[in-house]
Amino acid sequence: MKEQVIKILTELRPEFDFTKEGLNFIEEGMLDSFDIVSLVNELDNQYGISIDGLDIVPDNFCSVESIVALLIKNGVK
Amino acid sequence: MDFVFKNKRISGILTILPRKAIKFEDEIENYSFSPAKCMKLKLAMGYKEHRIAEPGQTSVDFAIHGLQYLFDNGMLQKDEIDAILFVSQSPDYIMPPSSNIIQGHFGIKQDCLCLDINQGCAGFEIGLIQSFLLLDQPSINKVVLINAEVLSSRTSKRDRNSWPLAGDAAAITIVEKTNDNLTIYANVKTDGTNAFALNIPAGGFRMPSNAETAVMEQDEAGNWRCKDNLVMKGDDVFNFVQREVPPMIEHLYVQSGVDRNEVDWYMFHQPNKFMLHKLADKLGIPHEKMPANIVENFGNASGVTVPTCISYNLGDQLVNGKMRLCLAGFGVGLTWSSIMMEMGNMNFNKIIEF
């Protein structure tokens with residue numbers, strides 16, 4: 001799942017390296033609110049889920065780990 | 001705040017759209033995004049095409065064009081109009097009221113209540129509720145509700161939060177008494193503490209427009225706009241909608257005693273496709289029952305989107321039959337409102353261009 005998330009992020013913003021440890025994607029300016037919309041759309045489609053609108057907050061998209069946690073919360077195994 | 005109305009109906013909706021259509025692809029260079037990113041956003045948000053008024057076309061012009069069409073085609077008689085409600089955030093003047101200008105233009109009788117209402121995204125629902133309230137008076141049998149916006153002229157083309165979705169339009173809704181034993185359920189909520197989530201800083205008496213308010217400035221996200229332009233704090237608005245709208249609709253089910261599956265169509269305000277799909281998913285409603293094609297094809301004309309949605313998606317189906325609709329508007333104010341009602345056997349329900 002982690003590799004798939006990195007792949008989606010890299011397709012979204014190919015200019016950044018999402019494999020680096022310790023980065024906060026939001027604070028580093030790697031993802032803006034429009035990227036988050038595109039990312040959620042992509043995750044919903046790829047995993048057949050619908051991430052709750054209330055969960056679409058920066059904290060849930062600041063790292064690969066936080067995105068994976070969100071997917072697990074939505075029943076992705 | 002809940003409302004219940006009896007023996008009222010919508011007998012006609014005429015939506016008036018600008019002829020000028022602008023494709024999203026033709027404006028990509030304004031947004032400083034890569035083409036790939038733009039295409040992803042196009043899919044997610046529903047950026048396709050939007051209708052924009054010609055320079056000089058005002059909200060009153062759209063209303064007059066639509067009313068003239070109704071009079072010319074025998075769809076409405078001047079002497080039966082007891083009230084004109086004009087709901088807009090882009091009136092022709094601060095003074096006088098647009099509704100009075102329209103009454104005067106057509107020489108409509110003086111026994112006519114004219115009222116301008118400053119409301120935005122929930123403007124159709126607020127206008128309907130006000131119309132239903134007026135119709136409780138013995139002297140008022142027919143209300144002409146006009147929703148009209150030309151806010152594109154106050155939206156920066158280099159503001160990617162707002163411009164791709166900006167739209168201009170008007171809708172004329174005829175609301176009247178009926179002997180049909182129909183009950184309409186409605187509710188409204190307000191949160192003025194977040195009033196500036198959507199705002200136009202300059203142009204009122206607090207900050208009159210001048211050369212300084214016309215100076216373009218870049219915000220942290222890279223959008224360019226001046227103080228005369230519309231500002232939308234997109235994240236705040238998104239969170240507000242996802243937080244407040246689902247419980248409002250859940251409350252409407254209880255209030256009306258109508259199950260979600262008994263609703264034929266959910267005609268919601270059209271901020272963007274992504275937001276509407278998230279609302280539908282949260283409420284357990286199939287996307288097909290909550291059209292998102294108005295923002296996609298015509299843009300978001302604030303309070304005009306719901307009547308446009310009804311005209312575009314249902315058209316003659318509401319002339320020849322009846323359906324149960326759930327209407328909802330949410331945004332500027334902040335104001336959010338919803339209505340559960342049966343609609344049908346209408347005299348007209350169509351779109352024209354201006």
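**Entry 1**

The model is a predicted one. I then followed the two strands and noted that β15(B) and β16(B) pair in the antiparallel sense, over ten bridges. Three residues lie between the strands of this hairpin, and within the hairpin G333(B) takes a positive phi near 140°.

**Entry 2: the other neighbour of β15(B)**

I turned next to β14(B). In which sense do β14(B) and β15(B) pair, parallel or antiparallel? I found the parallel sense, over four bridges, with β15 covering residues 322-331 of chain B.

**Entry 3: the whole sheet**

I traced the open sheet to which these strands belong and wrote down its order in chain B as β1-β9-β16-β15-β14, five strands with mixed pairing. The edge strands are β1 (2-6) and β14 (265-268) of chain B, each of which pairs on one side only. From one strand to the next, the twist averages 20°.

I also looked for a helix lying across the sheet. Helix α4 (residues 123-134) of chain B lies across β1, β9 (183-190), β15 and β16 (335-344) of that chain, and its angle to β16(B) is about 65°.

**Entry 4: what is covered**

Is β15(B) mostly covered or mostly open? I noted that seven of its ten residues are buried, and it is therefore mostly covered.

C326(B) was worth a separate check. The largest nonpolar core holds 126 residues, and C326(B) is among the members that touch the most others, together with A63(B), V143(B), I146(B), A170(B) and M267(B). Leaving aside residues up to four places away in sequence, I listed the contacts of C326(B) as I249(B), L252(B), V263(B), Y266(B), S338(B) and M340(B).

**Entry 5: helix α8(B)**

Why is helix α8 (residues 305-314) of chain B described as largely enclosed by the rest of the structure? I counted the burial: eight of its ten residues are buried, which is the reason for that description. The buried residues are T305(B), V306(B), P307(B), T308(B), C309(B), I310(B), S311(B) and L314(B). Just after the helix, G315(B) takes a positive phi of about 40°.

**Entry 6: an exposed position**

For contrast I looked up G107(B), whose place is in the loop between α3 (98-106) and β6 (113-117) of chain B. G107(B) has 8 C-beta neighbours inside 10 Å and so counts as exposed, the cut-off being 12 or fewer. I also took one distance: 19 Å separates the C-alpha atoms of G107(B) and N141(B), which are 34 residues apart along the chain.

**Entry 7: the side that touches chain A**

How many residues of chain B are in contact with chain A? I found 14, and they meet ten residues of chain A. The elements of chain B that give two or more residues to this side are α1 (35-45), α5 (234-256) and α6 (273-283). α1(B) gives the most, with five residues. By class, this side of chain B has six nonpolar, two polar and six charged residues.

**Entry 8: confidence**

Last, I noted the scores. Chain B averages a pLDDT of 95, and 100% of the residues score at least 70. For the complex, the predictor gives an ipTM of 0.87 and a pTM of 0.93.

Definitions and conventions: Residues numbered from 1 in each chain as written. Chains lettered and ligands numbered in written order. Predicted model: local features only at pLDDT ≥ 70, side-chain atom pairs only at ≥ 80, totals over all residues. Core = buried A, V, L, I, M, F, W, Y, C linked by C-beta atoms within 7 Å. Buried ≥ 20, exposed ≤ 12 C-beta atoms within 10 Å, placed from the backbone. Contact = placed C-beta atoms within 7 Å. Pairing = 2+ DSSP bridges. Axes fitted to C-alpha atoms, helices over the stretch in contact; angles between N-to-C directions. Nonpolar A, V, L, I, M, F, W, Y, C, P; charged D, E, K, R; others polar. pLDDT = per-residue confidence, 0-100.
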